[in-house]
Amino acid sequence: MKNTNVLISGAGIGGPALAYWLNRYGHTVTVVERAPGPRPGGQAVDFKGATHLTVLERMGILDDVRRLQTGGTDQEIVDADDRRLAVLPGEFTGGELEITRGDLARLLYEKSAAAGCQYVFGDSITSITETSGGAHVTFEHGAPRTFDLVVGADGIHSNVRRLAFGPESDHVRFLGHYYALAEGLGSLGSVAKMYNEPGRMVATGGPGAAAFFVFASPQLDFDRYDTEEMKRIVIDAYAGMGWRTSTVIEMVRHAHDFYLDSISQVRVEHYSKGRTVLLGDAAYGNTLGGFGTGLAMVGAYVLAGELAAAGGDHRVAFQRYEEEFRGYAKIARNGNAGPFMAPGTPRRIRMRNAMFKHRLMLKMMLKMTDVFATNITLKDYPSLVRH
């Protein structure tokens with residue numbers, strides 16, 4: 001086996017999943033993450049269809065995910081007087097198996113760390129220089145090291161992609177909306193509810209006493225690590241909105257866990273460049289598209305398996321990974337959740353709500369998501385696994 005010393009940037013979902021598989025195939029894996037530890041909380045993520053569940057089963061975590069599942073619940077769409085207009089069914093929002101992002105990240109971290117993968121928290125890559133013998137990497141805090149391969153599993157705003165492929169503006173397309181998540185807000189009621197006004201949506205009652213926001217906006221320039229600046233953007237965006245929004249916004253002012261980002265789409269011509277390869281949202285992200293977690297988990301399985309099948313030959317493996325996966329990932333190249341979650345006019349809000357009253361249309365939508373989630377034939381790589 002060649003190229004067994006691998007650096008992964010990102011300890012979210014795809015990074016630890018890939019670390020787990022690479023370790024099983026005999027690689028030595030280091031994961032570097034800017035955050036001080038595994039990130040807790042976060043919006044619920046879901047798995048749907050036989051492909052997703054098969055990957056979880058082969059990893060040996062299907063029972064753990066079921067134990068930690070949130071049990072996707074119905075969400076009421078209400079008017080300004082809190083009267084129910086429609087219901088978002090739990091199977092639409094939560095797939096077959098729903099879990100908070102933080103719980104899944106913690107599970108993957110613990111499983112891969114226990115297997116021997118090394119994690120370096122509180123640090124970040126500052127340069128990647130390919131040499132004849134590997135990739136020389138410098139870090140913000142740690143000493144420089146040389147690795148055989150570098151993987152960018154560090155999200156839509158991927159640092160690895162920027163360093164190896166070029167500026168973010170070349171690969172990330174803003175889709176006209178932003179979303180925000182505030183957690184730990186206390187009592188927001190036991191029933192999950194969603195309220196819309198044109199170009200704005202607020203939802204409450206999710207896991208972690210959370211409030212969720214989606215709103216239309218021109219592209220904004222802000223510091224993604226400045227929580228107070230991000231709060232001010234959301235507070236200003238929701239000024240004057242009806243329902244219970246003013247109460248929710250007042251709670252946001254004091255929220256300890258708050259996140260704001262754009263709804264954007266990632267497009268790269270190729271997933272790899274030399275000894276560097278991209279995984280998950282860094283390569284094929286589409287914010288709130290509903291498939292990001294599944295794509296990251298299946299992508300980790302395929303990338304690691306192709307490296308093992310190629311005996312570590314990264315040129316062959318990266319090409320096969322792209323050939324196997326690009327068709328499956330094409331769902332992330334289409335669609336924009338912003339206009340669906342925050343329709344721009346009263347008429348479009350009514351049309352969106354009406355879809356959830358139409359049982360046949362809802363059934364067709366659920367069937368289509370299952371088709372997209374299973375649109376890949378998983379190769380059987382386990383014969384290559386070391387025990």
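Analyst: Contact here means heavy atoms within 4.5 Å. By that cut-off, 73% of the protein chain's contacts with a separation of 6 or more join residues 24 or more positions apart.

User: What kind of model is this, and how are the residues numbered?

Analyst: It is a predicted model, with residues numbered from 1 along each chain as its sequence is written. Local features need pLDDT of at least 70, side-chain atom pairs need 80 or more, totals for chains, interfaces and linings use all residues, and side-chain values use heavy atoms without hydrogens or water.

User: How many helices and strands in the protein chain?

Analyst: The protein chain has 14 helices and 18 strands.

User: What box do the C-alpha atoms fill?

Analyst: Roughly 65 × 45 × 35 Å, along the principal axes.

User: What share of the 387 residues is buried?

Analyst: Buried residues make up 52% of the protein chain. Buried is under 20% relative accessible area, exposed is over 50%, and partly exposed is in between (1.4 Å probe, protein chains only).

User: Switching to single residues. Where is L22?

Analyst: L22 sits in helix 1, residues 14-24. Its relative accessible area is 0%, so L22 is buried.

User: What is L22 in contact with, leaving aside neighbours within four places in sequence?

Analyst: V6, I8, H27, V29, A304 and L307.

User: And how far apart are the C-alpha atoms of L22 and G305?

Analyst: They are separated by 8.1 Å. Along the chain, L22 and G305 are 283 residues apart.

User: OK, G280. Which loop?

Analyst: G280 is in the loop between strand 18 (276-278) and helix 9.

User: Is G280 buried or exposed?

Analyst: G280 is buried, at 4% relative accessible area.

User: What does G280 touch beyond its neighbours within four places in sequence?

Analyst: G280 is in contact with G285 and A296. The C-alpha atoms of G280 and A296 are 4.2 Å apart, while 16 residues separate the two along the chain.

User: Now backbone angles. What is phi of D82?

Analyst: Near 70°. That is a positive value, and D82 is a residue other than glycine.

User: Where does D82 lie?

Analyst: In the loop between strand 4 (75-78) and strand 5 (84-88). D82 counts as partly exposed, with 29% relative accessibility.

User: What about phi of W243?

Analyst: Near 65°. W243 is a residue other than glycine with a positive phi.

User: Which loop holds W243?

Analyst: The loop between helix 7 (227-237) and helix 8 (245-252).

User: Buried or exposed, for W243?

Analyst: W243 is buried, with a relative accessible area of 15%.

Terms used:
Helices (H or I, at least four residues) and strands (E, at least two) are DSSP runs, numbered from the N terminus.
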